[in-house]
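I opened a notebook on this structure today.

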Amino acid sequence: MPISPAASANGVILENEFFSRNFDREPFAFEHNLAGHPLFDPEHLLRLARQMSADPRDIYYDAGDVRIDQRWDQTPVCDLPIDELLQRIETAGAWVVLRRAEKHPDFAALLDACMDEIQALSGRDMRASIKLRNAIVFINSPNRISTYHIDRECNCLLQIRGTKKVSVFDRDDRDVLPDAEVERFWAVDNNSAVYKPHLENRARVFELTPGRGVHVPVNAPHWVQNGPEVSVSLSINFHYHDALLADVYRANYWLRRLGLRPAPPRRSPLRDAVKSALYRSARAVHTTARRLVASR
Ligand SMILES: [Fe+2]
């Protein structure tokens, strides 16, 4: 059921025709009013980072030079405590991800408000289809690159401080993102997307300044170049229960490994339904067999 657009009036995200037209299909820019918000003051972010570091699953950081095409498992490890890294953020070449900012009640309220507004602006009731949602805070050193990748989450990235250029590609461009890379992503490798420098001119480049944001749909390839100052961004992130026919891609991954050339999803709803059901059955059999073996 559509939600009233009035719900977004005077909120965080400003009204924008692209939400209803392109949301979760194509990237687009929007504006918001979080620039200068006290929740993102350095002292507050330092306290939040300390809170997140109590559980290693809630925080990620690294530091050093990275290339656009670098895999996440090749990025330089940083063993400084987060306090120390944030004190050196101007020169550290760091990428800091506070993955669960919503554990702080003020960020939880902000996440709720943003999600309500995104639903209102997009005209979609996503409450039943969303499995998981997070408020993620990115803190980046000047000129730091965030490497090329695709995500399983749908995302609205709000720039709070500093600047960055976000290059986003069309997820349906099979030169940029071949089916085999999407299949690997959903089946076995979060970092399967391979950057193709000769296709860089197909990216749409969004220049983010405080108060501007970009929407990145599920699986749209992207990479980020930070500007010359420390950057702080908020990502409103959510996973769907059935993201982009993920089980069809997983089935296709295994069919391709058997030497077949499976048809991509969305050409035949019946074929997609059969593949998805077969994949889920095979996974259930596999899980049961493993439990039986483990219990012997
Ligand atoms: Fe991303």
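**Entry 1: Arg127.** I looked up Arg127 first. I found Arg127 in the loop between α4 and β4. I am working from a predicted model. Is Arg127 buried or exposed? I counted 11 other C-beta atoms within 10 Å of Arg127, and a residue with 12 or fewer is called exposed, so Arg127 is exposed. I then checked Arg127 against Asp116. The two are 11 residues apart in sequence, and their C-alpha atoms are 9.6 Å apart in space.

**Entry 2: α4.** Helix α4 covers residues 105-122, which is 18 residues. How far does α4 reach from its first C-alpha to its last? I read 26 Å, close to the 26 Å expected at 1.5 Å a residue. Just after α4, I noted that Gly123 takes a positive phi of about 75°.

**Entry 3: the buried side of α4.** I listed the buried residues of α4. Among them are Phe107, Leu110, Leu111 and Cys114. Further along, I wrote down Glu117, Ile118, Gln119, Ala120, Leu121 and Ser122 as buried too.

**Entry 4: the whole chain.** I stepped back to the protein chain. It has seven helices and 11 strands. Its C-alpha atoms fill a box of roughly 55 × 45 × 45 Å along the principal axes. I compared the radius of gyration with the globule rule. For 296 residues a compact globule would be near 19 Å, and the chain has 20 Å, which agrees. Buried residues make up 37% of the 296. Of the contacts with a separation of 6 or more, 83% join residues 24 or more positions apart.

**Entry 5: domains.** I noted two domains, domain 1 (5-243) and domain 2 (246-295). Their C-alpha centres lie 30 Å apart. The contact takes 10 residues from domain 1 and seven from domain 2. On the domain 1 side I counted six nonpolar, no polar and four charged residues.

**Entry 6: confidence.** I checked pLDDT last. The chain's mean is 90, and 95% of its residues reach 70 or more. Over residues 1-9, pLDDT stays under 50, and the model has 20 contacts there beyond four places in sequence. Where pLDDT is low, the predicted coordinates should not be read in detail.

Key: Residues are numbered from 1 along each chain as its sequence is written. This is a predicted model: local features need pLDDT of at least 70, side-chain atom pairs count only at pLDDT 80 or more; totals for chains, interfaces and linings use all residues. Helices (H or I, at least four residues) and strands (E, at least two) are DSSP runs, numbered from the N terminus. The expected span of a helix is 1.5 Å times one less than its number of residues. A residue is buried if 20 or more other C-beta atoms lie within 10 Å of its own, exposed if 12 or fewer, and partly exposed in between; C-beta atoms are placed from the backbone. The radius of gyration is taken over C-alpha atoms; the globule rule is 2.2 Å times the number of residues to the power 0.38. Two residues are in contact if their C-beta atoms, placed from the backbone, lie within 7 Å. Domain bounds come from an automatic or database domain assignment. Ala, Val, Leu, Ile, Met, Phe, Trp, Tyr, Cys and Pro count as nonpolar, Asp, Glu, Lys and Arg as charged, and the others, Gly among them, as polar. pLDDT is the predictor's confidence in each residue, from 0 to 100.
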